[in-house]
Amino acid sequence: MRIALITEGTYPYVAGGVSTWCQQLLTGLDRHAFQLVAITAYAGGQRAAYELPPNVAAVRTVPVWDRARPATGWVARGRHRRSGTAAAVPLCRGLLDDGPKAAGLFAGGLRQLAQQAAGGAHPLHDVPLAEVLVDAWQASRVAGGDVRLPLPRLSLRDARDAAVLLEHAVRPLAHRLPPVDACHPVAAGLPLLVALAAKWRTGTPYLLTEHGSYLRERYLEYGDSLPVAVKAVMLRFYRALARLGYAEAAVVSSVSDFNRRWELRHGAEPARVRVVPNGVAPDAYPALAGEPADPTVVWVGRIDPLKDLHTLVRAFDTVRREVPGARLRLAGPVPATGADYARSCHALVDSLGLREVVEFAGPVASSREAYATGSLVALSSISEGMPYTVIEAMMCGRATVSTDVGGVAETVGDAGVVVPPGDPAAFAAGCVRLLRDPAERARLGEAARARALARYTLPHMLAAYDDLYGEVAATAPVRLPVVDRLPAADPTIALAPT
């Protein structure tokens, strides 16, 4: 089969996590031919973090913050502006409300933008989007609609800022895929735009895989960094996009039951949702023998706010007072977007007087070697799907202390310690308990390896996705020609599952 694998901000340019999963999928399913579509902030200047397998026919980068691609010619630009504005009206009105009519408006507007972008021009470029947003905002506030939460005040400045973010966000609609049998977006965010456009233009079905909750991570990412009204626009956009993505997908695959529950709450059809846990190769992670001489907590991952290293460092400040000689080792790279956060972690270590007992080890050649340097493995994240750190550590027979986020608790089961996220005292208590009790560490390590061997192996994961590709491709209609004009969508009704 020919498959378009669509990523955002991860594979092939960022290592670990979702990218590890992508590399496993491409390498393990070598009987399929893949087109890789990587949505990035900018084009150029990026080096692949992985050696791409031979079955990857091409890598296509879709930058969302590069210079805009306008329609060519004055007549075409005028037509583009008029049709883009006509599509932006239902899109903006639909994203503000919660009811079924709003879902239909959003779907109809996005479909019109996909039609307009078929020629390659960015769909909302040169459209008076700020004015459209203000009008939609006022209409929603006056009519009441189906808004569950009151809309904050939207100033013209807020509308202009939101319009910039929204214009860039929908740019992936302009990407045109070569002929493929199925699309595989690897997040319920911008990758969906490429998949939806392909479905609407050529009838290409798609399989949506979610590792974590894209929408929840946008809530965490924005925090207080955006004005309240701007944040409201963008979060409503991503919420409406995720719901549309669930409705249009042939199959939605989740790494955990936690994700599945989230998807069902947001409208996914139960019969189309599958749970396929991540897996690792057992022979690559044989059980570790022995432990370091000093009681050591080891963490492996990328330095990122979602990993909440501040909680881990604060917890360790308690651990080192309770367990003489304890050390903390942080192993992993600092991505380009994580430099400020990395500096804040170093500053926190210094402020707590932990410089002599906390090591920032940087990238490691082998995660298994990193786990070998610890008495236990820690995961302090505030958002996860099904983290490889935990599965790999379990396969190695290491006891873990993890936060109860995403699918972590169901992954660990009774073979590890799980504590609330963002709670240094609880995290410290979990670490102290295991560092003081070698017998309990050994028992949990053995139970963890047995659980990983039974549930989280790579061959099982690959076989499941091989089957899903066949299932998704079978839903495709008779192959349609590539068209520059889509059938009109009725924006007044809710999108029915197809």
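Two strands pair if DSSP finds at least two bridges between them. Helices (H or I, at least four residues) and strands (E, at least two) are DSSP runs, numbered from the N terminus. This is a predicted model, in which local features need pLDDT of at least 70 and side-chain atom pairs count only at pLDDT 80 or more, while totals for chains, interfaces and linings use all residues. Residues are numbered from 1 along each chain as its sequence is written, and side-chain values use heavy atoms, with hydrogens and water left out.

**Exercise 1. Find the order of the four-stranded sheet and its edges.**

Step 1. The open sheet runs β3-β2-β1-β4, and its pairing is parallel.
Step 2. Look at the ends: β3 (56-63) and β4 (182-185) each have a single partner strand, so one side of each has no neighbour in the sheet.
Step 3. From one strand to the next, the twist averages 20 degrees.
Step 4. Now zoom in on one pair. Strand β1 (residues 2-8) joins β4 through four bridges in the parallel sense, and Ile3 has Ala182 in β4 as its bridge partner.

**Exercise 2. Work out which way the side chains of strand β5 point.**

Step 1. In a regular strand, side chains alternate between the two faces of the sheet.
Step 2. In β5 (residues 207-210), Leu207 and Thr209 point one way, Leu208 and Glu210 the other way, and all are buried.
Step 3. β5 pairs with strand β6 (residues 251-254) in the parallel sense over four bridges; the partner of Leu208 in β6 is Val252.

**Exercise 3. Describe the six-stranded sheet and a helix that lies across its strands.**

Step 1. The order is β10-β9-β8-β11-β12-β13, an open sheet with parallel pairing.
Step 2. The edge strands, β10 (358-362) and β13 (417-419), each pair on one side only.
Step 3. Five bridges link β8 (residues 296-300) and β9 (residues 327-331) in the parallel sense, and Val298 has Arg329 in β9 as its bridge partner.
Step 4. Helix α13 lies across β8, β11 (376-379) and β12 (400-403), at about 165 degrees to β11.

**Exercise 4. Classify the crossing of α13 and α16.**

Step 1. The axes of α13 (residues 388-395) and α16 (residues 438-455) come within 7 Å and cross at roughly 110 degrees.
Step 2. Use the classes: under 35 degrees is roughly parallel, over 145 roughly antiparallel, 65 to 115 roughly perpendicular, and the rest oblique.
Step 3. α13 and α16 are therefore roughly perpendicular to each other.
Step 4. With contact meaning heavy atoms within 4.5 Å, Ile391, Met394 and Met395 in α13 meet residues of α16 including Ala448 and Leu453.

Notes
Axes are lines fitted to C-alpha atoms, for helices over the stretch in contact, and angles run from 0 to 180 degrees between N-to-C directions. Buried means under 20% relative accessible area, exposed over 50%, partly exposed in between (1.4 Å probe, protein chains only).
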